[in-house]
Amino acid sequence: MDANGYSDPYVKICLKPDMGKKGKCKTQIKKRTLNPEFNEEFGFEIKHSELAKKTLDVSVWDYDIGKSNDYIGGCQLGITAKGERLKHWYECLKNKDKKIERWHTLLNENHVASD
């Protein structure tokens, strides 16, 4: 959280290995909140057969003016995930035209750049 006691969070979603710009999305920044709700939907143009080889990286950032954004936490869904994240990934692959919603705990592992 910032000095004012709040955060300006946003979410970055990236399909890896890197697909360039067409594999990255960002939500809007939610100003001055510690409990954001994004309710945004994104789609990627990719063949279903290629999706199983990808990892969906979801990260939450605190937007800061004039300095680098702070990493809050994130999680990855993909073949290398474990537990509930892996189950969620398999369920998404199995049901390609269906919305599969799950809650996941953010992990606070160090992340590199926030672009």
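This report describes strands, an aromatic pair and cysteines in a predicted model.

## Basis of the model

Because the model is predicted, local features need pLDDT of at least 70 and side-chain atom pairs count only at pLDDT 80 or more, while totals for chains, interfaces and linings use all residues. Residues are numbered from 1 along each chain as its sequence is written, and side-chain values use heavy atoms, with hydrogens and water left out.

## The annotated domain

The UniProt record, an unreviewed entry, carries the annotation "domain: C2" over residues 1-104; UniProt positions follow the numbering used here, feature names are shortened, and annotations may be inferred rather than shown by experiment. Over residues 1-104 the chain is 15% helix and 27% strand, with the end C-alpha atoms 21 Å apart. Helices (H or I, at least four residues) and strands (E, at least two) are DSSP runs, numbered from the N terminus.

Strand β1 (residues 9-16) has seven of its eight residues buried, so it is largely enclosed by the rest of the structure. Here buried means under 20% relative accessible area, exposed means over 50%, and partly exposed lies in between (1.4 Å probe, protein chains only).

Two strands pair if DSSP finds at least two bridges between them. β1 and β3 pair in the antiparallel sense over eight bridges, and Y10 stands opposite W61 in β3. Strand β2 (residues 24-26) also runs antiparallel to β1, to which three bridges join it, and here C14 stands opposite K24 in β2.

## The aromatic pair

The structure holds one aromatic pair. The rings of W61 and Y71 have their centres 5.2 Å apart and their planes at 65 degrees, so the pair is edge-to-face. By the rule used, rings of Phe, Tyr and Trp (its six-membered ring) pair if their centres lie within 6.5 Å, and planes under 30 degrees apart count as stacked, over 60 as edge-to-face and the rest as tilted.

Since W61 lies in strand β3 (residues 55-62) and Y71 in strand β4 (residues 70-78), the pair ties together parts that are 10 residues apart in sequence. W61 counts as buried, at 1% relative accessibility.

## The cysteines

A disulfide is a pair of cysteine sulfur atoms within 2.5 Å, and by this rule the count comes to zero disulfides. C14 is in no disulfide, and the nearest cysteine sulfur, that of C25, is 9.0 Å away; at 13% relative accessibility, C14 counts as buried.

The sulfur of C92 is 11 Å from the closest cysteine sulfur, in C75, which is too far for a bond. With 27% relative accessibility, C92 counts as partly exposed.
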